[in-house]
Amino acid sequence: MAALKSLAKDTAVYGLSSIIGRFLNYLLVPIYTTKLAAASGGYGVITEMYSYTALLLVILTFGMETTFFRFINKADERPRRVYSTALLLVSALSLVFLAAVLGFLPAVSSALGYAAHPEYLAIMATIVAMDAIQAIPFAYLRYRRHALKFAALKMLFILLSIALNIVAFVVMDCRDVLYAFAINLACTAVVMVCFIPELRLARLHIDLPLARRMLRYAWPLLLLGIAGILNQTVDKMIFPHIVGGEEGRVQLGIYGASVKIAMIMAMITQAFRYAYEPLVFAGAKGKDSATLYAKGMKYFVIFTLLAFLAVIAYLDILKYIIGADYREGLKVVPIVMAAEILMGVYFNLSFWYKLCDRTIWGAWCSAAGCVVLIAFNVVFIPSMGYMACAWAGVAGYGTATLVSYLSGQHFYPIRYPWGSIAVYVVLAAFFYAVMTLVPAAWPTWCRLGINTLCLLAFAGHIVYHDLPLASLPVVGKYFRKR
């Protein structure tokens, strides 16, 4: 129970910063989608470019965050040596990557269809190299349970980014995506400066035996990470090439803007991961570890379903986050959120192969999902457009989740409370059906009222059956009997 309370507390800190940060970051979406018309394809450029950087970030960190937690919690390893080795390995690869991109910038830009704008590639390569290096100090803050500094640095980046974007796109009325990339570079550099104390902790010497052990553990995680991030980004990479021409980036921009509304699932998954991963590795040998993982799964599903219903309930309000000429893509929101829930379930299932040091299985699971996702996109994008991208996510994550569960029950069996989870899934599906069946012709206040009642009913079920108010962290004391 103490471990679950610790998980709840850390999730609250990470989650609050993540949710507030993402909420504030949403201010950029109306700015971009207002200043960059859908027909210009500008937001499609942003969507495509950040998809490439997400993949590159996984490659440059090559599973070293998880490897760091695995090794730093081993009794026979020295924490500072583990930290130094991880940081130096990631830094070396990132600097080599940056030098290669800048050295061959014209060829790389031409290959990606940006021959007229090589500066986009130069800026984004610099950003992703710095982000990769920062991943290890951020992991170190999580290991040290310095959640407040972690959250403060994340918030600093967001607030500075918003301020500079408002100046550039609102005050100065800029309409060039180059400004968005340049602002990102400046904010990333500021965070790097703030990490000077953590960077100075590293010893400028790689422990080669330790590095070899860490790399043996990490390389399957690299395959897992590549397959996993492709599940999230490959649709945005290949869509412009399948549809082709300027229309490809126009449609990608509409899809990318609409997906932003669905990203609350990603926020919750990320916040849960930040708190859950260090806790799992630290308590891997505890006798109640399997119970913890099972309960963690259940509560993750409960709250992601609650978030799903909340977004659907207030979509009539949330739609104003994006510009009017992008709102035709809102039909992808529930589908993308369903895919994000499956991704979170897969993440919870994935700990078995990390704790058993069978990380290669993670690569196979994610690869299976990735193959399904890519095939779905290639086959159905020509006929379904960006709707194929949304449904491909469900198919891909569903495949990865199923393969991971079946293999995990063989090597590291855990009795998940699937019966209780199924009740919540059915209940959420019922309330979703009620919300979507309310006629669009009815007044907005009426639809919002019905949706709110559905949401409160689902929350009431949670409180009554699984999470009494008195058990909540921080506020729970106000509901306890005196």
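Here is a chat about aromatic rings and a nonpolar surface patch in a predicted model.

Biologist: Hi! How many aromatic pairs does the count come to in this one?

Modeller: The count comes to 22 aromatic pairs in this predicted model.

Biologist: Take Phe138 and Phe195: what kind of pair are they?

Modeller: They are edge-to-face, because the ring planes stand at 90 degrees, and over 60 counts as edge-to-face. The ring centres are 4.7 Å apart.

Biologist: And where do Phe138 and Phe195 lie?

Modeller: Phe138 belongs to helix α7, residues 118-143, while Phe195 is in the loop between α9 (177-194) and α10 (196-201), so the pair ties together parts that are 57 residues apart in sequence.

Biologist: Are those two buried or exposed?

Modeller: Both Phe138 and Phe195 are buried. Phe138 also has Lys154 over its face, at 4.2 Å from the ring centre.

Biologist: Nice. Which lysine lies over the face of Phe71?

Modeller: That one is Lys74, at 4.3 Å from the ring centre of Phe71.

Biologist: Which residues form an aromatic cluster?

Modeller: Phe68, Phe69, Tyr83, Tyr140 and Tyr143 form one.

Biologist: Switching to the surface: which residues make the nonpolar patch?

Modeller: Ile242, Val243, Ile374, Val378, Val379, Phe380, Met384 and Trp391 make a patch of about 620 Å². Two elements, α11 (208-243) and α18 (359-384), each give two or more residues to the patch.

Biologist: Which element gives the largest share?

Modeller: Helix α18 does, with five residues.

How values were computed: Residues numbered from 1 in each chain as written. Predicted model: local features only at pLDDT ≥ 70, side-chain atom pairs only at ≥ 80, totals over all residues. Heavy atoms only, no water. Patch = residues over 30% accessible without salt bridge, like charges linked within 9 Å, V, L, I, M, F, W, Y side chains within 5 Å. Areas by Shrake-Rupley, 256 points an atom, 1.4 Å probe, with all protein chains shown as cover. Salt bridge = Lys/Arg side-chain N within 4 Å of Asp/Glu carboxyl O. Helix = DSSP H or I, 4+ residues; strand = E, 2+ residues; numbered from the N terminus. Phe/Tyr/Trp six-rings, centres within 6.5 Å; stacked < 30°, edge-to-face > 60°. Buried < 20%, exposed > 50% of the residue type's maximum accessible area, 1.4 Å probe, protein only. Lys NZ or Arg CZ within 6 Å of the ring centre and 35° of its normal.
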